[in-house]
Amino acid sequence: MKKLAILGSTGSIGTQALDTLRHIGGFSVEGLSCSTNIALLLEQIQEFKPKHVCVTDEKSYYEAKKIIGGSTQILHDLEEFVDNIDADIALNSLVGSAGLKPTIRAIEKGMDIALANKETLVCAGKLIMDLVKEKNVRIIPVDSEHSAIFQCLQGNSAKDMTKIHLTASGGPFRKLPKNKLTDVSVKDALAHPNWAMGKKITIDSATLMNKGLEMIEAKWLFDIDMDNINVIIHPESIIHSMVEFRDGSIMAQLGDKDMKVPIAYALTYPDRAPLPSKNLDFFELKNLTFEKPRYEDFPALSLCMEAVKIGGTMPALLNGANEAAVALFLEGAIKFTQIPVIIEKAMAAYTYKDNSAIGASTLGANALRDIIEADLFGKNYIYEVIKCL
């Protein structure tokens with residue numbers, strides 16, 4: 001019986017993970033966390049009986065303290081929450097840079113990480129991967145694309161890999177002319193054609209920022225140069241990604257659009273659990289299509305590549321600026337096309353810090369502080385930029 005903690009249990013990935021556990025069994029849920037969805041958390045507590053829960057929103061925390069009792073301990077701080085949990089694996093499905101510190105704490109405690117929080121590696125990829133090696137734990141990706149790459153590498157040597165082909169649906173505006181993008185609404189941007197996801201990641205998918213962040217995540221997970229990561233628009237979302245090897249062979253992972261598959265694989269690796277997933281009918285597929293990204297119309301991809309080229313704390317700055325810009329768009333404060341524009345302004349205004357030589361042994365000192373400060377600079381600067389728009 002594996003012991004599991006879920007950070008972000010009331011979100012899209014968290015709820016699908018718990019649904020997956022209902023099918024596969026074999027896990028005891030030691031801890032659950034949420035921000036504000038107390039009603040759903042209570043249902044999860046009643047069913048899975050975790051020893052510890054964490055509610056990060058202050059108002060919701062005090063409300064939860066009044067109703068959550070029995071043997072379940074309720075905490076407010078995610079790092080303290082991780083410290084109190086005895087688990088073999090932590091599923092990090094938090095949104096944004098909030099996932100960074102609890103991931104570090106879980107690795108330091110020797111937990112394997114099922115990672116659905118790409119921002120952890122975007123902000124602090126080298127530090128995280130160095131720490132993973134130092135503590136001899138595993139990071140197993142949950143994103144469908146990175147799970148696909150991970151699966152394609154099973155039985156193969158990473159040294160034989162020459163290229164990653166990272167697929168993207170293209171989002172809801174794949175065919176929309178550039179002159180129409182200015183007027184798209186929040187509702188339009190949230191209408192993803194293939195996947196049901198949280199609001200932030202859905203907007204990132206619409207701007208193609210999500211694919212840029214996934215490029216950075218893939219760089220660190222699979223130790224590959226950004227120049228060898230190729231983005232392909234694949235609107236059917238059947239091929240979840242591909243790996244090309246030095247002999248010219250390409251391996252792909254295919255499947256229906258069901259996040260429970262990569263979730264289950266991350267939790268049960270190296271085994272596979274039977275799932276009630278829909279099997280592909282190749283005769284129904286008819287066509288699989290592939291297109292080049294529209295880099296000029298969706299500049300977020302190029303911004304991610306530029307941030308990695310600059311290096312140091314610039315990806316953390318980019319991440320923070322994007323989180324703030326997306327929040328403003330969801331509030332109706334800026335237009336869709338202004339998201340990458342103001343992120344670029346934040347990048348131009350920031351003087352990055354080079355932490356390329358920093359290893360895991362210095363993680364608790366200046367390196368982590370610099371990364372967090374870069375992320376916060378990005379968030380704060382966006383609010384200054386919009387005053388001038």
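I began with a term I would need: two strands count as paired if DSSP finds at least two bridges between them. I also kept in mind that this is a predicted model.

**Entry 1, a strand pair.** With that term settled, I looked up Ile89 and found that this residue stands opposite Asp112 in β6. I then followed the two strands along, and four bridges join strand β5, residues 89-92, to strand β6, residues 112-115, the two running parallel.

**Entry 2, the sheet around it.** Which order do the strands of the sheet take? I read it as β4-β3-β2-β1-β5-β6-β7, seven strands in an open sheet with parallel pairing. At the edges I noted β4 (73-75) and β7 (139-141), each of which pairs on one side only. Neighbouring strands of this sheet are turned against each other by 20° on average, with direction ignored. I then looked for a helix on these strands and found α5, residues 100-108, which lies across β1 (2-7), β5 and β6 and runs at about 150° to β6.

I counted the elements next, and the protein chain has 17 helices and eleven strands. For its extent, I noted that the C-alpha trace spans about 55 × 55 × 45 Å along its principal axes. I compared the radius of gyration with the rule for a compact globule: 389 residues would give a value near 21 Å, and the 20 Å of the protein chain agrees with that. Buried residues make up 53% of the 389, and the chain exposes about 17300 Å², of which carbon and sulfur atoms supply 50%. Among contacts with a separation of 6 or more, 70% are between residues 24 or more positions apart.

How many aromatic pairs does a search of the whole structure find? The search finds eight, and I looked at two of them. Tyr61 and Tyr62 form an edge-to-face pair, 5.1 Å centre to centre with 65° between the planes. Tyr61 has 11% relative accessibility and counts as buried because the cut-off is under 20%, whereas Tyr62, at 48%, is partly exposed. Phe150 and Tyr265 have ring centres 6.2 Å apart and planes at 65°, so I recorded this pair as edge-to-face too. Phe150 lies in helix α7 (residues 144-152) and Tyr265 in helix α12 (residues 260-268), so the pair ties together parts that are 115 residues apart in sequence. Phe150 counts as buried at 14% relative accessibility, and Tyr265 is buried with a relative accessible area of 6%.

Key: Residues numbered from 1 in each chain as written. Predicted model: local features only at pLDDT ≥ 70, side-chain atom pairs only at ≥ 80, totals over all residues. Heavy atoms only, no water. Axes fitted to C-alpha atoms, helices over the stretch in contact; angles between N-to-C directions. Contact = heavy atoms within 4.5 Å. Rg over C-alpha atoms; globule rule 2.2 N^0.38 Å. Buried < 20%, exposed > 50% of the residue type's maximum accessible area, 1.4 Å probe, protein only. Areas by Shrake-Rupley, 256 points an atom, 1.4 Å probe, with all protein chains shown as cover. Phe/Tyr/Trp six-rings, centres within 6.5 Å; stacked < 30°, edge-to-face > 60°.
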